[in-house]
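Dear colleague,

I am handing over the structure we discussed, and below it you will find what came out of going through it. Please read the notes with the structure open beside them.

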Amino acid sequence: MKYLLLFLLFGLVSSCIEISDDLTLNNDGSGTLRYKINLSASKIKVNSILALDSLEGKPVPSKTQISAKINEFVRLLDAQVGISNVLIEENYTDYIFKFSCDFTSVRNLQDGIKLSLAQISNDKYSTSAEQFWLSWDGNTLVRTIPAYVTQQIKNYKLDNEESLKEGVYTSIARFERPVSTFENKLGTLSKNQMAVMVRTNTFDLKSNQHLLDNTIVLTPR
Amino acid sequence: MNISIKCTLLFVVVQLATANSWAQLKAIQSERLLPKDAVTVFSINNISLLQKISMDDLVNYEFMSEVHQELFDGSTSGKTLKDAGLDFNQRLNLFYGKTFTHELTGFTFGVSDKAALFEVFDDFQVLQSSIPGLEIYGTFFNNLLIKDNKAILIRIEPTMDYIDEVTDSIWYARGNEMPFEFFDEAPQEDQILNEQTYEDNSNNNVFPEATENPAIKNYYELRDSVQVVLQQTELTRVINELFLKGINLYDSDPRFAAQLTHNAEGAFYLDNARNLDKSQGLWYFQTVLPTLYKDLQELYAGNVILGDLFLRDNQVDFEVEALYGPALGSIYAQMNDANFDKNVLAYIPASSPAYFTYNINLQQAYEQAYKILLPLLSDEKNAQIAMNVLTLELLNEFVNKDALFDTYKGSMFGTFNGVKKIKTKKIIFDYDEETFAYQERETEADADMPVFTLGFSTARKDIPEMVLKHLARLTSRVQRFENYWRIDNAILDAAPLYILNTGKLLIFTNDEDLARNHSAGYGAQALGKKQSKTASKSGFMYGSVDITETLGRFPTEVLTPRNAEIISSLKGKSGRLELTSSETTEAHTTFKLSYSYTGAESTGKHLLDLVNSLYLIYTLNP
């Protein structure tokens with residue numbers, strides 16, 4: 001998994017990272033997941049890291065190697081049951097990476113990601129990937145941040161508190177019908193009442209990896 | 001004058017003569033246990049300075065890392081070196097050495113109280129000794145050898161290459177197949193190849209018969225056995241040399257012995273010739289180009305670095321003499337025969353936390369190296385080298401060397417001007433309130449950037465100017481301004497690089513302030529008269545580093561683990577490091593590294609800090 005940019009850069013660029021997960025859920029349980037990582041505020045640091053042969057004793061992959069690994073992940077995920085339209089946009093000028101895929105059920109989505117990560121990482125993340133981070137019963141969505149992401153956030157170095165506070169994690173859930181209630185006190189409801197957004201900084205998320213957990217209940221059909 | 005008065009006078013004269021060097025008053029003891037294969041040695045002459053250093057502090061130093069496993073187990077808690085039974089009338093000698101097949105590290109010291117010593121070295125088991133008077137103790141990693149009141153703690157490791165070579169040799173001689181092709185990244189237990197046949201080779205007396213049932217040993221078990229046997233064999237060889245044959249570094253190398261007579265708190269020895277000789281990286285030369293390798297050895301013969309450590313008021317001075325053989329010395333002498341380029345002083349701000357100047361005459365060095373090295377290469381009967389020699393000779397004839405060496409004369413300077421905020425662009429994600437629809441917006445951002453300047457002496461302003469003009473025609477990123485050139489996003493795709501072509505200096509910097517406001521130099525804000533004089537009088541190189549401002553902010557994560565250790569070992573310290581050098585002759589160059597500090601820490605602590613940094617630097621492979 002060492003080449004997978006997402007996790008590599010999580011560990012290395014503990015400052016000024018912007019992450020957005022954006023889940024669109026249809027009434028039938030199918031939907032779209034969009035995941036974006038924005039390192040443009042840290043591009044000097046990322047460029048300086050990529051210019052090195054090794055960092056903290058570990059080899060630093062080239063952009064080509066990173067891209068190859070990302071695309072391998074995309075290929076693996078696209079082949080999973082219930083997953084389609086897997087797309088990745090890689091911007092190596094500003095270091096912005098956008099991933100999206102469609103899924104037929106949240107179970108298929110989680111299984112697909114879990115299996116793809118396990119295959120690409122030689123089971124390194126399989127234990128944490130065992131956990132389910134989404135559940136949907138047709139009316140209620142319970143979501144957390146996946147363990148393989150929170151684990152990386154936990155590994156952030158606390159040597160630059162201010163920079164960590166500038167990092168942002170945004171979690172959005174969109175639906176086909178209005179939201180009735182949601183539990184997370186950090187959450188805000190869109191004016192059209194069809195989406196809930198929870199945002200926090202990476203410093204607070206490191207202290208409490210469940211800060212973005214939410215249970216969202218929709219109005220009855 | 002009667003005989004008794006003569007004797008008294010003689011005694012007084014001898015005492016006075018020798019008292020100048022208290023080091024000479026010490027009997028040579030623990031240094032006679034230094035293996036002759038030690039390539040790097042630090043001797044702390046006055047170890048009474050370290051009496052108050054706690055053992056816990058000591059074992060935290062990197063120079064103890066190879067041997068500290070047994071010490072760092074609670075047995076040292078609350079103890080000082082004084083409690084550890086060390087004889088403070090003997091030197092403490094740290095060493096690192098290597099042969100073609102092994103690496104050895106450790107230290108030698110005097111023992112005053114064996115019972116106290118074993119309260120610290122409490123994991124050592126008594127081993128059998130066949131040498132009268134020699135006590136041998138061992139742990140899994142290290143051995144402690146004590147004879148009379150002298151001791152050596154030593155760790156011997158065969159090199160990985162040597163272990164592999166011997167293991168492979170035995171493995172294949174026994175008729176086994178290639179072991180590796182059967183292993184994937186995660187080998188299954190049933191895939192590990194076991195030996196298929198085993199034949200006892202009675203002629204091989206280095207390796208004893210395998211215990212129990214050797215027929216079931218797999219490759220890695222065999223390799224482990226080989227490692228242990230090689231380690232033991234080498235230890236036996238070292239013990240026999242030191243305690244039976246009386247062969248040691250002190251008696252083998254008079255330069256080292258002479259160094260210990262100096263009236264200094266510490267001594268340093270690095271035999272660069274042997275370092276080169278044992279360098280694993282040169283195996284190609286050794287095997288494929290033996291004649292050239294021999295010539296290289298001759299070139300490096302006599303290349304030794306000797307140093308003294310002096311403790312002065314709030315300062316540790318490390319005075320180093322690099323000795324050369326005649327051939328290499330002649331190249332260095334020509335190279336360093338350069339006048340100091342005073343133009344550089346205007347571009348070093350007085351506030352600079354770290355800067356260096358380096359003065360060499362590259363043209364003279366080239367001519368001398370050509371004279372010395374080309375005949376060596378020409379003698380080699382190798383097609384590739386012959387072609388390289390031909391290319392070199394043709395270039396030497398056709399290239400305008402005056403133009404080349406007037407453009408790049410070799411002298412240079414560099415400064416680190418701290419970390420400054422620079423403006424960059426960043427993208428932020430925005431979400432509208434109605435639907436949380438996502439959009440991207442570009443905005444300005446601040447980023448920390450270390451500010452560096454590197455300048456080269458030149459007499460040909462026209463040549464860099466010509467290159468830059470053509471580059472500017474090719475890309476809009478290269479732009480000409482009144483006093484400087486700017487190349488956008490040249491540094492890490494984010495920050496501009498400024499080039500100042502003054503006619504005397506070609507300066508590269510990412511410091512916008514220097515380019516825009518100080519293109520003719522810093523004027524009154526430049527280095528003061530005293531510092532300028534020190535730099536200009538300092539032979540071929542001078543360096544000054546404010547430890548707090550520079551090393552404290554250095555991002556160690558970008559370094560190799562070993563280099564990071566060097567920087568980390570100095571982090572948290574205050575004070576200044578200053579490097580000066582003498583004129584270079586064909587025989588030697590003298591350097592002086594001064595570490596001045598403020599604060600109440602003991603001089604012994606500062607001495608160890610510096611020894612530790614130097615140990616890390618000098619034990620890096622060349």
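**Where the two chains meet**

The contact takes 26 residues from chain A and 24 residues from chain B, where two residues count as in contact if their C-beta atoms, placed from the backbone, lie within 7 Å. On the side of chain B that touches chain A, strand S12 (412-431) and strand S13 (438-457) of chain B each supply at least two residues, and the largest share, six residues, comes from S12(B). That side has 15 nonpolar, six charged and three polar residues, with Ala, Val, Leu, Ile, Met, Phe, Trp, Tyr, Cys and Pro counted as nonpolar, Asp, Glu, Lys and Arg as charged, and the others, Gly among them, as polar.

Please bear in mind that this is a predicted model, in which local features need pLDDT of at least 70 and side-chain atom pairs count only at pLDDT 80 or more, while totals for chains, interfaces and linings use all residues. Residues are numbered from 1 along each chain as its sequence is written, and chains are lettered from A and ligands numbered from 1 in the order in which they are written.

**The sheet in chain A**

In chain A, seven strands form an open sheet of mixed pairing, in the order S5-S6-S2-S1-S9-S12-S11; strands (E, at least two residues) and helices (H or I, at least four) are DSSP runs numbered from the N terminus, and two strands pair if DSSP finds at least two bridges between them. S5 and strand S11 (187-189) of chain A stand at the edges with a single partner strand each, so one side of each is left without a neighbour in the sheet.

Strand S5 (residues 83-91) of chain A pairs with S6(A) in the antiparallel sense over seven bridges, and A:Leu87 stands opposite A:Ser100 in S6(A). These two strands form a hairpin with four residues between them, and A:Tyr95 in the turn has a positive phi of about 60 degrees. On its other pairing, strand S6 (residues 96-103) of chain A is joined by eight bridges to strand S2 (residues 31-38) of chain A, the two running antiparallel, with A:Tyr35 opposite A:Phe99.

By contrast, strand S1 (residues 18-25) and strand S9 (residues 168-175) of chain A pair in the parallel sense over eight bridges, and the bridge partner of A:Thr24 in S9(A) is A:Arg174.

**Chain B as a whole**

The secondary structure of chain B comes to 21 helices and 20 strands.

With best regards
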